[in-house]
Amino acid sequence: MTMVKKSFSLTEQQDRWIKEQLKSGDFGNESEVIRALIRSRQNEERDNLARLEALRSALSHGEKGSFEPIDLDEIWSSARALVKNE
């Protein structure tokens, strides 16, 4: 993969945080820390898009009047499972 060199400014607090990440031993250099943050954000965006598409699909399905009855206990159980997995 081709690397592109970038230059940017950080606050002192952000710089300290990056240095702490390096001290943890999880990263070899500052670039690895920044790339990990970017990958994490990209994954979050992908997950959010998938959730949005699932919601749109469910709304479309419901607007067509085709739905299956579900009781309140099932709704709460599903909601708890979703929260637990996040």
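What is the volume of the largest pocket? In this predicted model, the largest pocket has a volume of about 520 Å³.

## Basis of the model

Local features in this predicted model need pLDDT of at least 70, side-chain atom pairs count only at pLDDT 80 or more, and totals for chains, interfaces and linings use all residues. Residues are numbered from 1 along each chain as its sequence is written, and side-chain values use heavy atoms, with hydrogens and water left out.

## The largest pocket

A pocket is an open set of points on a 1 Å grid over the protein atoms alone, where a 1.4 Å probe fits, with protein on both sides within 12 Å along at least five of seven lines; lining residues have an atom within 4 Å of a point. The volume is the space filled by probe spheres set on the points, which are joined across faces, edges and corners.

The lining comprises 16 residues, and Met3, Val4, Ser31, Ile34 and Arg35 lie nearest the pocket centre. Helix α2 (residues 30–63) gives the most to this lining, with seven residues; helices here are DSSP runs of H or I with at least four residues, numbered from the N terminus.

## Helix α2

The end C-alpha atoms of α2 are 50 Å apart, in agreement with the 50 Å that its 34 residues should span at 1.5 Å a residue, where the expected span is 1.5 Å times one less than the number of residues. After α2 comes Gly65, whose phi is positive, near 85°.

## Val83 in helix α3

Val83 lies in helix α3 (residues 72–85) and counts as exposed because its relative accessibility is 63%, the cut-off being over 50% with a 1.4 Å probe and protein chains only.

Definitions and conventions:
Helix = DSSP H or I, 4+ residues; strand = E, 2+ residues; numbered from the N terminus. Buried < 20%, exposed > 50% of the residue type's maximum accessible area, 1.4 Å probe, protein only.
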